[in-house]
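Good morning, and thank you for making time for this presentation.

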Amino acid sequence: MGAYGLFLVNGLAVGAIYALSGVGLVILCRATGVLNLAYGAIGAAGAMIAWQLMQYGCPEAIGWLAAIGTATLLSLAYGRLIAPHLSFREPVVRAVATLGFAIMILSLMNFSWVEAPRRLTLATDAIGLSILGMRVTGTRLIALLAAVLVTLAVALFLAATQTGLRMRALANDRDLAAVLGVPVVSVETVAWGISGVIAGFSGMMFADLVRLNPTVLTFLVIPAVAAAIVGRLESLMLTLAGGLTIGVVESMATLIRPVAPFRAAAPFVVAALLMLWYQRHRRLTFAGRD
Amino acid sequence: MANGVFTISSVISLSAGALLAALASGAAHAADAPKCGLGTGQAADGRPILIGSVVGETGPDDFSAGADAARAYFKCVNANGGINGRPIDFRVEDDQWSPETASQVASKLVKDDKVVALVGNGSFVEMTVNAKLYEDENVAVVASACAVRECFEARNIASTNQGPVPSNILTAQWAIDNLGTKKVACIALNIPSNGVWSCDQTDRWLADQGLEGVPVLFDPGSADLTAVLLEAVATGADTMLVSLPANLGVAFFKAAEEQGLRDQYNWIAPTPLYKEGVPEALGDYWDGKIYINAELTPWDRDGPDAKRWREVMDAFARPEDPRDTFSQAGFVSANILVDTLMEMKPEEIDRDNVTKALKAVKNYRTDLLCSPWYFGEAASHQPNHAGVELVIKSTGFEVVADCFEAKGGMFEDILAMEKSQGMTGAN
C-alpha cells in the first residue's frame with residue numbers, strides 16, 4: 001500500500017475541490033444553460049480579496065465572508081446584467097462570453113496585485129491527522145467533506161424544492177417552461193447566486209491547497225469543467241465521482257515514471273475517455289445521429 | 001475670533017515652512033542626484049542612439065526588472081550629457097511569453113527600428129526564438145535575465161545573470177561542503193530548455209563529484225504540489241534543490257510544511273527565491289532552514305556600484321520597479337553598454353561597430369558581480385559563475401558564504417578558457 005495510499009489520499013483532497021467546482025458549474029448549467037468559464041476567475045477574485053483583508057489584519061472569518069461575498073456578487077452581476085442579453089444565443093456563444101468575463105476579472109486582478117510570492121494560510125491548516133502515512137490537514141478534510149455535502153445538498157434542493165423543480169423545468173425545455181409560467185429571471189438569479197457561493201468557497205480552498213496566484217486559480221476552471229463533463233453537465237453524483245477520479249489519477253500518475261511529468265493532462269484524458277464511452281452506441285446517419 | 005486668527009496664521013506659517021522644507025529638500029535632492037555617464041548635469045540633445053530590449057513582462061511571471069533598471073540608468077545618462085552628447089532612445093518590447101510575439105517585436109526592433117544593440121533582455125521564450133535573428137543581423141545582446149539554454153548557447157547573447165545551471169550548482173556545492181549533501185532531488189519545471197536542461201546539467205555535475213542527482217520535473221500548470229513533494233521524497237534524496245520561480249517555490253515549501261518535513265531534509269534553492277516578500281510568505285517555520293544562492297551580490301551591499309544602483313533607481317526608476325537581483329543585472333548590462341559606447345567616437349556608433357566593441361569587452365569589474373564579466377567571441381557564453389550563499393530568516397536574508405566560484409565539471413573548461421584568453425585579467 002505505502003506510496004499508493006499516500007498518493008490516493010492526496011489525490012482525493014484535490015479531486016474534492018475539482019468536484020465541488022464541477023457541481024457549481026453543473027447547477028448553473030442546468031438552470032441557465034450557461035457553461036461558466038469565468039468560474040475560476042470569480043473564485044480567484046474572492047480569494048485575492050480575502051487574502052488582502054487578512055493581510056490588513058482582518059480575522060479569517062471576515063476573509064471567508066469577503067471571498068464568498070465577492071464571488072457571489074460577481075456571479076450575480078454577470079447573471080443579471082450580461083447573461084440575459086445572450087439567453088437566446090447558442091450555448092457556445094454564451095460560454096465564450098463568460099470567457100471574456102474571466103479575462104476581464106483576471107486582468108483586473110493582475111492590475112491590482114502585481115506578481116509576487118503570496119500565501120494564504122487558514123486556521124484549519126494547523127490541525128490534521130495522519131492517514132496512510134500522509135499528514136492530512138483540516139483544510140483537506142473540509143474540502144472532501146464539503147464536496148460530498150454540497151453535492152447531496154444541491155441534489156436535494158433540485159429534487160425537493162419548488163425552485164429546484166423550476167430549475168429542472170428550465171433545463172428540460174426553456175421556452176416551454178417560460179410559457180408555463182416559470183419566472184425565468186428569478187430562478188436563474190438563484191442559480192447564479194448558488195454557483196457564486198460555491199465558486200467563492202472553492203476559490204478559498206484552491207488558494208490554500210494549490211497556490212494564491214490569480215492566473216493559476218483562473219485556469220483551475222479547466223479540471224472543474226472536465227469534472228462537469230464527466231457528469232454530462234447534468235448529473236451531480238457523476239460530477240462528484242469525476243472530480244475525485246481526476247484528482248486521484250493526477251496524483252497517482254506521479255508514481256508512473258514516464259507519464260509523471262505529464263500528469264497535468266489528467267483532466268483532459270479522463271474527460272475525453274468518458275466522452276468516447278458515452279457516445280459508444282451512436283452512429284452517424286444521413287439524417288444526423290441515430 | 002482669536003481662535004480663528006490663530007488657526008489661519010498657523011496654517012500660513014505651516015504652509016510657508018512646508019514650502020521652504022520642500023525647496024530645501026529639492027535642492028538637496030538635486031545636489032544628491034546620482035551622476036551617470038559624463039556627469040555634466042546637462043541633458044543630451046544630439047542624434048539619439050537606438051537601443052532595444054525584449055522582455056517577458058505579461059504572462060506567468062514578470063521578467064522586466066532588468067530593462068526597468070536599464071531604463072532608469074539610461075535616463076540618468078541622458079540627463080548627464082548622454083553618450084558624448086547623443087541621448088539613448090531605449091525601446092522596450094513585451095514578448096508576452098509568446099514565441100510569435102517575441103519574434104514580431106524582435107524583428108520590429110532589429111529590422112525596422114534598426115537598434116544598434118539590445119540590453120536588459122529577460123525572458124523564457126525570446127532567446128530561443130530570436131538567437132538566430134540576432135546572429136544573422138549581427139546585433140549584440142547584453143541580457144540580464146537569461147533562464148533558458150538557448151540564451152547561454154548563442155553567439156550574440158551574453159548575460160550578466162547566471163541562469164539556473166550555475167546557480168543550482170553553486171547552492172548544491174555549498175550544501176555538499178557545509179550540510180553533508182550526498183543525494184539531491186532537483187525539483188524544476190518540465191520545460192526542455194529550462195528545468196529539464198538545468199537539472200540534467202546539475203545532475204551531471206553531481207555525478208562528476210561522485211554524488212547523485214535525481215530530476216523531479218512537473219508541468220507549470222500542475223495544481224497539486226504535494227504530489228511533487230511526495231515524488232521528491234520518494235527519490236530517497238537527502239537534499240531538496242527547489243529550482244522554481246518564487247511563487248511556485250513558496251507553494252512547494254507550504255506543501256512541505258504541511259507534511260512537517262523541514263528537519264528531515266536539507267533545503268536549497270537558486271536565485272529565484274532571493275526575492276522580496278519570500279521570507280514573509282514562507283513565515284517563521286522556515287527561519288534559518290532554506291539556503292539560497294544569489295547570482296549577483298546582495299542588494300544591501302555598500303560597494304560604489306551597489307550604492308549607485310540604488311541611487312539611480314530611487315531617482316530615475318518608477319516606484320513600482322523591483323530592486324532585486326535582475327534589476328542589479330539590468331543595471332550592470334546598461335553600464336557595460338554605456339561604458340563601451342563612451343569609448344567610441346559618437347559618429348562611429350552603428351550596429352557593426354557596437355557589436356564588435358561589445359564582443360571585445362573583457363575583465364569588466366563591478367562590485368555587483370562576484371567575478372569580472374566578459375562577452376567574447378564564442379558560440380556560448382557563461383561569464384557569471386560565482387555567487388553568494390544566503391539563508392532565509394523570518395525577517396529577510398542573511399549571508400552565510402560570500403562570493404565563491406563554482407568548481408569542477410564544466411567550470412574547469414570555462415576557467416581554463418578565461419585564463420588562456422585573458423577574459424578576467426587572470427592570465
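Let me begin with a definition: an axis here is a line fitted to C-alpha atoms, for helices over the stretch in contact, and angles run from 0 to 180 degrees between N-to-C directions. The model is predicted, so local features need pLDDT of at least 70 and side-chain atom pairs count only at pLDDT 80 or more, while totals for chains, interfaces and linings use all residues. Residues are numbered from 1 along each chain as its sequence is written, chains are lettered from A and ligands numbered from 1 in the order in which they are written, and side-chain values use heavy atoms, with hydrogens and water left out. Helices (H or I, at least four residues) and strands (E, at least two) are DSSP runs, numbered from the N terminus.

I turn to a helix pair in chain B. At what angle do helix α11 and helix α12 of chain B pack? The angle between α11(B), residues 304-316, and α12(B), residues 325-342, is about 100°, and their axes lie 11 Å apart. That makes the two helices roughly perpendicular, a term for angles of 65 to 115 degrees; under 35 counts as roughly parallel, over 145 as roughly antiparallel, and the rest as oblique.

Contact means heavy atoms within 4.5 Å. On the α11(B) side, B:D305, B:R308, B:W309, B:V312 and B:M313 meet B:S327, B:Q328, B:F331 and B:N335 of α12(B). By class, this contact has 4 nonpolar, 3 polar and 2 charged residues. In that scheme Ala, Val, Leu, Ile, Met, Phe, Trp, Tyr, Cys and Pro are nonpolar, Asp, Glu, Lys and Arg are charged, and the others, Gly among them, are polar.

Consider B:N335 in particular. Is this residue buried or exposed? B:N335 is buried, with a relative accessible area of 3%; buried means under 20%, exposed over 50%, and partly exposed in between (1.4 Å probe, protein chains only). Leaving aside neighbours within four places in sequence, B:N335 is in contact with B:Y73, B:R308 and B:Y364.

Now the disulfides, each a pair of cysteine sulfur atoms within 2.5 Å.

B:C36 is buried at 1% relative accessibility, and B:C76 is buried at 0%.

In the disulfide of B:C186 and B:C199 the sulfur atoms are 2.0 Å apart; at -80° about the S-S bond, the link is left-handed. B:C186 lies in strand β8 and B:C199 in helix α7 of chain B, so the pair ties together parts 13 residues apart in sequence. Both cysteines are buried.

For B:C370 and B:C403 the sulfur atoms are 2.1 Å apart, and a torsion of about -70° makes this disulfide left-handed. B:C403, in strand β14 of chain B, is 33 residues from B:C370 and is partly exposed at 36% relative accessibility.

Finally, in chain A, 21 of the 26 residues of α8(A) are buried.
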